[in-house]
Amino acid sequence: MDNYQRLFNEIRPVKIKKGIINPNEVDFNNLVNSEWMKNQFKGMDAYKQKNYNNAISFIDKAIQENPQNSFLYNLRASYKEDLGDFNGAIEDFKKALYISGNDWYATYNQIAINYLNLKDFQNSLKAFDIAIELKINIQEEGNDEKVIPNNLYGVVMKIDYERMYTNRANVKLSLEDFGGCDEDCRKAIEINPDYTNSYVIFGLLCLRFDQKDGAYKAFKTAEDLGNKMVTGLINKFF
């Protein structure tokens with residue numbers, strides 16, 4: 001089943017993959033001077049200045065001029081995230097996936113995070129599952145992500161495994177899938193023992209079973225690694 005259909009229960013059209021674009025066939029002067037491109041640049045500049053509402057307004061205009069450009073929807077979704085419009089962000093990420101016909105794991109990861117912010121844990125879990133599977137497939141196919149930036153004009157382009165597993169562990173904790181939460185925390189810690197959030201989620205899992213020694217050890221490890229926010233949890237429970 002197509003990942004898009006698997007998450008949204010909707011079928012999208014199959015896109016025919018085109019060959020490599022010949023730069024000699026592209027009129028870059030007309031492209032840069034097009035109204036949609038000008039508005040895209042204005043939107044990105046506004047985003048840099050943290051004027052998110054203005055950024056969205058410019059991207060709205062760019063989309064009106066070029067409604068089949070999937071990257072514009074990714075931009076607007078990212079800006080909506082910063083404004084806390086999580087439903088709007090999901091819809092724009094969904095539109096980007098629909099138009100492009102392609103799957104990129106970071107897009108599903110962002111959709112999962114937005115569902116998590118909305119406390120829609122079931123859909124968040126679905127999206128995290130897809131994101132992790134896609135990233136694993138990239139690794140198995142031998143593709144190198146080094147050339148891909150972490151962030152492109154506000155759009156998240158790639159995510160480390162430890163963050164993905166830890167966020168999914170958080171979702172599983174909310175769904176009371178305690179075994180799955182434990183497994184994902186341990187995977188994340190094995191991948192990067194210095195990523196503090198994994199210990200925080202594991203500590204919260206321990207507390208659910210009143211295992212205070214394990215919780216304290218996990219929280220203290222996170223604190224010793226530089227996570228000062230966990231100090232409040234230590235003071236609260238111990």
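Which helix does Tyr-52 lie in? Tyr-52 lies in helix 4.

Ground rules before anything else. This is a predicted model, where local features need pLDDT of at least 70, side-chain atom pairs count only at pLDDT 80 or more, and totals for chains, interfaces and linings use all residues. Residues are numbered from 1 along each chain as its sequence is written, and side-chain values use heavy atoms, with hydrogens and water left out.

Now the overview. The protein chain has 13 helices and 2 strands. Those are DSSP runs, numbered from the N terminus: helices are H or I with at least four residues, strands are E with at least two. Along the principal axes, the C-alpha atoms fill a box of roughly 65 × 40 × 30 Å. The chain has 238 residues, and 43% of them count as buried. Buried means under 20% relative accessible area, exposed means over 50%, and partly exposed is in between, with a 1.4 Å probe and protein chains only. The accessible surface comes to about 13,500 Å², with 48% belonging to carbon and sulfur atoms. Those areas come from the Shrake-Rupley method with a 1.4 Å probe; for residues, only the protein chains shown count as cover.

Contacts next. A contact means heavy atoms within 4.5 Å. Take contacts between residues at least 6 apart in sequence: 57% of them join residues at least 24 apart.

Back to Tyr-52. Buried or exposed? Tyr-52 counts as buried, because its relative accessibility is 19%. Leaving out residues up to four places away in sequence, Tyr-52 touches Tyr-47, Tyr-79, Asp-82 and Leu-83. Lys-80 is 28 residues from Tyr-52 along the chain, yet their C-alpha atoms are separated by 7.7 Å.

That takes us to helix 5, residues 70-82. Helix 5 has 13 residues and reaches 19 Å from first C-alpha to last, close to the 18 Å expected at 1.5 Å a residue. The expected span is 1.5 Å times one less than the number of residues. Helix 5 is largely enclosed by the rest of the structure, because 10 of its 13 residues are buried. Among them are Leu-72, Asn-74, Arg-76, Lys-80 and Glu-81. So what covers them? The cover includes helix 3 (35-48), helix 4 (52-65), helix 6, helix 7 and strand 2 (155-156).

Look at the two ends. Asn-69 caps the N-terminal end of helix 5, with a side-chain oxygen 3.0 Å from the backbone nitrogen of Phe-71. After helix 5 comes Gly-84, with a positive phi near 80 degrees.

Helix 3 is one of the covering elements. Helix 3 has 14 residues and reaches 20 Å, close to the 20 Å expected. Its buried residues include Trp-36, Met-37, Ala-46 and Tyr-47. Lys-50 follows helix 3, and its phi is positive too, near 65 degrees.

On to the cores. In soluble globular proteins, nonpolar side chains tend to be buried together. Here, a nonpolar core is a set of buried Ala, Val, Leu, Ile, Met, Phe, Trp, Tyr and Cys residues joined through side-chain atoms within 4.5 Å. The largest core has 31 residues, and Leu-7, Phe-8, Tyr-105, Tyr-108 and Ile-111 touch the most other members. Helices 1 (3-8), 6 (86-100), 7 (105-117), 8 (121-140) and 9 (161-174) each give two or more residues. Helix 8 gives the largest share, 9 residues. A second, separate core has 19 residues, including Ala-46, Tyr-52, Leu-72 and Ala-96.

Leu-7 touches residues including Tyr-108, Ile-111, Asn-123 and Ile-130. Phe-128 is in helix 8. Phe-128 is buried, with a relative accessible area of 0%, and its contacts include Asn-109, Met-164 and Val-171. Thr-107 is in helix 7. Thr-107 is buried at 10% and touches Asn-74, Phe-93 and Leu-97.

Last, the cysteines. How many disulfides does the structure hold? The structure holds 0 disulfides, a disulfide being a pair of cysteine sulfur atoms within 2.5 Å. For Cys-185, the nearest cysteine sulfur is that of Cys-181, 4.2 Å away. Cys-185 counts as buried, at 0% relative accessibility. For Cys-206, the nearest is that of Cys-185, 8.8 Å away. Cys-206 counts as buried as well, at 4%.

Note on methods: Polar contact = N/O pair within 3.5 Å; in protein donor to acceptor, adjacent residues only side chain to side chain.
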